[in-house]
Amino acid sequence: MKIKPALLTLLALLTAPAFAAEIKPAQPGGKLPGNISVSLVKVADDLVDPVSVAAPNDGTGRIFVVERPGVIQIIKDGKKTKRPFLDLKDKTISSFLELGMFSMAFHPDFKSNGKVYVAYADLWFNGATMVTEFTVSKSNPDRLDPETAKVIMQIDFPYCNHHGGQIAFGPDGYLYIGVGDGGWEGDVINAGQDLHTWLGKMLRIDVNKSSADRAYDIPKDNPFITPLQQMTLFGVSEEAFSKVRPKAKPEIWSYGLRNPWTFSFDSKTGDLFIADIGQNHWEEINMQPASSKGGENYGWKFMCGSHPFPMILKKNPDGTETAVDPENYPKVGVQPIAEYSHVDQGICVINLGIYRGAEYPELEGTYFSADWGSGKVWGMQQVDGKWQMQELLDLADGIRPTGSGTGPDGAIYLTHATANYGGPVDPYTSERGALWKIVPTAKVAKDAVTAPVAAK
């Protein structure tokens with residue numbers, strides 16, 4: 001069967017920015033320098049569907065864990081405090097795995113202003129993601145004052161899955177919000193490439209200012225702002241016309257994402273790593289350098305990883321079908337730095353982040369990711385200009401990574417939860433989850449509890 005390249009070529013020409021340089025994404029099987037070996041050390045347990053971790057730079061050493069049903073727990077000295085930091089169970093819908101409280105972010109000036117931002121699926125607004133600002137109680141630093149709630153954004157969805165949900169402040173002080181394509185499967189509403197919607201995007205907003213119609217402001221250098229102007233038909237270059245998008249959502253920072261459930265910034269370089277959960281065949285990790293001016297198109301739904309969507313098959317003489325070699329079709333948008341197959345590696349990529357702490361110099365500059373379905377944990381580094389992706393752990397006994405965050409010590413923390421998938425379920429009837437810390441195996445304390453790994 002001959003492949004018709006015309007449609008793919010047309011689709012490629014219709015997308016912006018232009019094709020990225022042809023650099024093949026890393027896949028598992030690479031080798032990191034330094035013979036890195038890590039273990040997961042348990043920090044706390046008895047957590048209900050924990051999905052995210054955050055910590056303020058306030059000198060208290062506290063670690064905050066987001067539980068999907070709508071609760072934020074505080075971990076002090078390895079123990080959960082008696083009362084949570086915030087309890088929004090009455091406003092959070094969590095009957096389906098991809099709904100619930102998603103993440104939290106401490107304001108860069110949290111130590112002085114006490115402001116915290118929380119993203120959750122709101123029960124009363126049909127699962128819309130609410131990005132809401134809270135302020136710490138004046139009488140108790142371990143409690144958020146619910147009376148200070150201020151909704152910053154409401155993001156509506158047509159379906160109950162692919163909501164994204166990670167929020168984080170970038171090194172520029174702006175709040176970044178990962179938003180999925182709206183759900184079902186295959187991006188049926190074409191959200192990824194549609195600049196008229198927030199869905200399938202990375203958003204960037206300024207929470208320190210507001211305007212007449214928003215509880216936030218638009219950074220002046222966001223890439224899809226088209227000033228009001230007179231229309232000029234002739235004498236304008238094609239490149240200039242390609243940047244005129246009068247109806248684009250000005251909050252958009254980048255697009256072409258399927259479900260950016262987790263992402264993080266490199267605290268040293270400012271680079272942004274986005275783990276974008278794939279469709280049926282591939283998972284991908286995207287990296288936006290700190291020097292970027294925004295506007296990247298990560299390809300969905302024309303691409304899933306470095307592969308076309310839908311997958312293009314050719315018929316073999318024996319009647320079977322195989323995927324067309326990726327070299328034989330055009331690439332759309334910016335290619336990921338890494339990808340892996342559903343065949344033998346996993347089904348749901350989880351960003352863990354890049355290590356920049358002082359305690360474990362042997363992990364310096366290593367980017368970690370994991371998979372919720374397989375329990376695998378990978379490390380990535382650039383070696384001679386190319387990313388290498390090496391499997392470091394193959395977790396066993398049902399340990400499923402759901403999210404992560406960096407602690408006050410610079411260490412990378414990982415949450416795990418069984419998180420029953422497929423139908424309405426009470427998270428409080430599920431097996432409890434836990435909080436883990438990535439530690440070099442040689443530095444694991446003798447009395448530490450470590451996560452079990454699969455036998456080789």
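In which strand is aspartate 46 found? Aspartate 46 is in strand β1. The structure described here is a predicted model.

## Backbone geometry

Aspartate 46 is not a glycine, yet its phi is positive, at about 60 degrees. With a relative accessible area of 40%, aspartate 46 is partly exposed. Asparagine 35 is another non-glycine residue with a positive phi, here of about 50 degrees. Asparagine 35 belongs to the loop between α1 (5-14) and β1 (38-47), and its relative accessible area of 62% makes it exposed.

Cis peptide bonds occur at two places described here. One runs from tryptophan 300 to lysine 301, with omega near 15 degrees. Lysine 301 sits in the loop between β17 (282-288) and β18 (303-304). The other joins phenylalanine 309 to proline 310, with omega of about -5 degrees. Proline 310 is located in the loop between β19 (307-308) and β20 (313-315).

## Cysteines

The search of the whole structure finds 0 disulfides. For cysteine 160, which is in no disulfide, the nearest cysteine sulfur is that of cysteine 348, 15 Å away. Cysteine 160 is partly exposed, at 38% relative accessibility.

Cysteine 304 is buried, with a relative accessible area of 6%.

## Aromatic pairs and charges over rings

Across the whole structure, 16 aromatic pairs are found. One of them is formed by phenylalanine 263 and phenylalanine 265, in an edge-to-face arrangement with 6.4 Å from centre to centre and 85 degrees between the planes. Phenylalanine 263 and phenylalanine 265 are both buried. Tyrosine 340 and tryptophan 378 form a tilted pair, because their planes are at 35 degrees, with the ring centres 4.4 Å apart. This pair links distant parts of the chain: tyrosine 340 is in strand β22 (residues 338-341) and tryptophan 378 in strand β25 (residues 376-383), 38 residues apart. Both tyrosine 340 and tryptophan 378 are buried. Ring pairs also join Phe64, Phe85, Phe106 and Phe110 in a cluster.

The charged end of arginine 204 is over the ring of tryptophan 253, at 4.2 Å from the ring centre. Arginine 258 lies over the face of tryptophan 300, with 5.6 Å to the ring centre. Tryptophan 300 is also the residue from which the cis peptide bond to lysine 301 runs.

## A nonpolar surface patch

Leu123, Trp124 and Phe125 make up a nonpolar patch on the surface, and together they have about 350 Å² of accessible area. Tryptophan 124 is in the loop between β8 (115-121) and β9 (129-136). Tryptophan 124 is exposed, with a relative accessible area of 62%.

## Salt bridges

Side chains of opposite charge can pair when their charged atoms come close. The search of the whole structure finds 25 salt bridges. Among them is the pair of glutamate 251 and arginine 214, with 3.4 Å from N to O. Glutamate 251 is buried, at 2% relative accessibility, whereas arginine 214 is partly exposed, with a relative accessible area of 27%.

Lysine 220 forms a salt bridge with aspartate 217, and the closest N and O atoms are 3.6 Å apart. In the salt bridge of lysine 91 and aspartate 90, the closest N and O atoms are 3.5 Å apart. Lysine 91 is partly exposed, with a relative accessible area of 35%, and aspartate 90 is partly exposed at 46%. A network of salt bridges links Asp58, Arg62, Lys76 and Asp142.

Notes
Residues are numbered from 1 along each chain as its sequence is written. This is a predicted model: local features need pLDDT of at least 70, side-chain atom pairs count only at pLDDT 80 or more; totals for chains, interfaces and linings use all residues. Side-chain values use heavy atoms; hydrogens and water are left out. A disulfide is a pair of cysteine sulfur atoms within 2.5 Å. Buried means under 20% relative accessible area, exposed over 50%, partly exposed in between (1.4 Å probe, protein chains only). Helices (H or I, at least four residues) and strands (E, at least two) are DSSP runs, numbered from the N terminus. Rings of Phe, Tyr and Trp (its six-membered ring) pair if their centres lie within 6.5 Å; planes under 30 degrees apart count as stacked, over 60 as edge-to-face and the rest as tilted. A charge sits over a ring if NZ of Lys or CZ of Arg is within 6 Å of the ring centre and within 35 degrees of the ring normal. Patches are made of residues with over 30% relative accessible area and no salt bridge: like charges are joined within 9 Å, nonpolar side chains (Val, Leu, Ile, Met, Phe, Trp, Tyr) within 5 Å. Accessible areas come from the Shrake-Rupley method with a 1.4 Å probe; for residues, only the protein chains shown count as cover. A salt bridge is a side-chain nitrogen of Lys or Arg within 4 Å of a carboxyl oxygen of Asp or Glu.
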